Amino acid sequence: MPTSGGAVTPESDLLNGRERRELDIVRRWGTIGALLLTVGSLGGGAAPIYSPLYGVPVLGLFSRMPSVAMGVVWTGIFMIVSAWLALGRFVRPGRPRLVSRSQMDRTLLMWTVPLVFCVPMFSRDVYSYLAQSEIAARGLDPYELGPANALGVDHILTRGVPNIWRETPAPYGPLFLAFGRITAMITGDHVVSGVFVHRLLVLCGLAMIVWALPRLAARFGVPPVGALWLGALNPLVLFHIVIGVHNDGLALGLMLVGLELAMRGLEPLKWSWITLGAAIIVCGAMVKIPAMAALGFLGVLVARKLGGQIKHLALVAGIMALIAGAGVVVICLGTGFGFGWIETLNVASTVKSWMSPPTALGFMGAGTGIMLGLGNHTEAMIALTRLLGQGVSVVITVVLLWRSFKGRIKAMNGLGASLGAILVLGPVLQPWYVLWAALPLATAVVGPKFRTFAMVTSAIIAVILPPTGSAFDGRAYTVPQAVAGAVITFAVCVLIARKRVGPFLKSDPA
């Protein structure tokens with residue numbers, strides 16, 4: 001059960017003089033990485049099709065040197081990831097001295113502010129957001145029409161959308177499209193300003209994450225600064241939420257804020273707080289639907305507070321279903337988009353990527369059938385394995401809910417594991433989906449094995465995804481060139497500054 005109140009638990013002693021100097025070096029190292037990412041994004045990012053940088057003195061130079069620009073980006077990536085790993089030494093559970101909350105907040109600002117001005121990188125999804133927002137602003141139905149049909153194939157916003165998504169309707173919730181409609185009314189078809197406003201929207205999500213994480217962590221006995229380190233300062237958040245402008249940040253922020261507010265009503269039991277928190281969680285789900293899973297685990301906590309019997313669980317399940325249903329109806333009708341989002345939830349499944357385990361298993365099964373002379377049944381095999389994957393994720397979620405209800409695991413651990421299962425076993429898996437599991441788990445798990453696993457997984461995923469968010473149009477050689485140049489540059493930087501950065505770049509046991 002969570003602790004009462006929500007006040008942050010007392011932290012360990014503050015860092016001594018030597019450790020503060022080391023922390024200052026870590027901060028500056030990461031800040032330099034963020035600045036390199038910003039500069040390199042001018043030529044190595046997922047720039048608009050009609051980039052305003054072409055022909056601009058100095059700034060336009062980077063777009064004509066993609067290998068160099070991408071090398072600068074990867075150098076920045078290596079510096080931020082290494083700084084984040086080094087920062088982990090100062091927030092390790094059980095350490096006698098931890099960084100203070102104010103030190104952690106300043107570090108987050110130092111690393112985030114330069115990234116606000118980056119060209120989008122790692123994905124081109126934000127350009128789909130812009131096109132879908134313009135469709136909504138025109139009074140058309142983004143759940144029926146794709147950008148090509150609604151805006152025309154030659155429209156500047158359509159041109160920025162990846163080819164595979166130009167004719168597909170929006171797969172996002174109506175609340176996100178309502179925000180997007182306002183954005184389109186403000187910025188029109190101006191791509192740069194549109195991207196910037198959408199980035200401000202996801203930064204609001206990041207602010208909610210920063211507000212909620214330490215409070216939730218204190219409830220479950222986890223050092224708040226440790227939760228911020230693994231959550232808000234995670235390179236995947238910086239790269240894919242801040243730079244990549246993914247709306248997952250907004251959905252996660254609403255979900256975590258809803259959980260924190262609802263838990264304020266547990267001791268003593270106050271249904272006003274619980275209802276408010278649940279309603280905010282529904283708002284998160286109306287941005288991206290996985291957030292709805294949090295209602296189940298919140299319901300488990302409320303049922304345990306009422307007495308922990310089956311009748312209490314059934315009662316709370318009915319109340320949560322009522323809140324969810326009412327919230328969905330109000331948002332769908334209030335935004336004017338209706339319930340078309342339900343039919344477009346499977347839009348992303350049109351992509352058949354090996355990154356999704358069920359899809360990869362379907363490819364393997366179909367390939368085996370071809371080798372055995374049984375014919376090509378790839379589509380049927382993928383459909384079957386995806387259905388099985390989703391079924392398994394439902395079973396896992398039910399088991400985790402039951403174990404949480406019985407008090408065998410923390411509810412936040414169950415939520416993180418459930419979201420991980422839902423997304424990993426779903427039809428499509430993207431690198432930033434890891435955050436749906438990592439952020440809830442960051443508030444409730446202190447074990448060194450989990451910390452090491454989460455740290456290593458986040459670091460590996462952070463460095464393997466190319467920044468341009470595209471297939472390089474036949475110029476795949478730019479990737480190894482850029483990576484090789486970045487590795488050499490990073491090594492030279494470490495060598496030059498070895499007396500200062502050497503100690504904090506050494507491994508530190510989790």
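In the predicted model, A348 touches W165 and V428, leaving aside residues up to four places away in sequence. A348 itself sits in the loop between α14 (310-335) and α15 (357-371). Its relative accessibility is 26%. A348 therefore counts as partly exposed, since this class lies between the 20% limit for buried and the 50% limit for exposed.

A nonpolar patch was identified on the surface. Its members are I289, V329, L333, F339, I342 and L345. Together they present about 510 Å² of accessible area. One of these residues, I289, is placed in the loop between α12 (271-285) and α13 (293-306). I289 has a relative accessible area of 33%, so it is classed as partly exposed.

The structure holds 3 cavities of 30 Å³ or more. The largest cavity contains about 120 Å³ of space. Its lining comprises 14 residues, of which P93, G226, L230, V445 and R451 are the closest to the centre. Two or more lining residues come from each of α9 (224-230) and α19 (448-464). The greatest contribution to this lining is that of α9, with 4 residues.

Key: Residues are numbered from 1 along each chain as its sequence is written. This is a predicted model: local features need pLDDT of at least 70, side-chain atom pairs count only at pLDDT 80 or more; totals for chains, interfaces and linings use all residues. Side-chain values use heavy atoms; hydrogens and water are left out. Buried means under 20% relative accessible area, exposed over 50%, partly exposed in between (1.4 Å probe, protein chains only). Contact means heavy atoms within 4.5 Å. Patches are made of residues with over 30% relative accessible area and no salt bridge: like charges are joined within 9 Å, nonpolar side chains (Val, Leu, Ile, Met, Phe, Trp, Tyr) within 5 Å. Accessible areas come from the Shrake-Rupley method with a 1.4 Å probe; for residues, only the protein chains shown count as cover. A salt bridge is a side-chain nitrogen of Lys or Arg within 4 Å of a carboxyl oxygen of Asp or Glu. On a 1 Å grid over the protein atoms alone, a cavity is a set of points where a 1.4 Å probe fits but cannot get out, and a pocket is an open set with protein on both sides within 12 Å along at least five of seven lines; lining residues have an atom within 4 Å of a point. Grid points are joined across faces, edges and corners, and a volume is the space filled by probe spheres set on the points.
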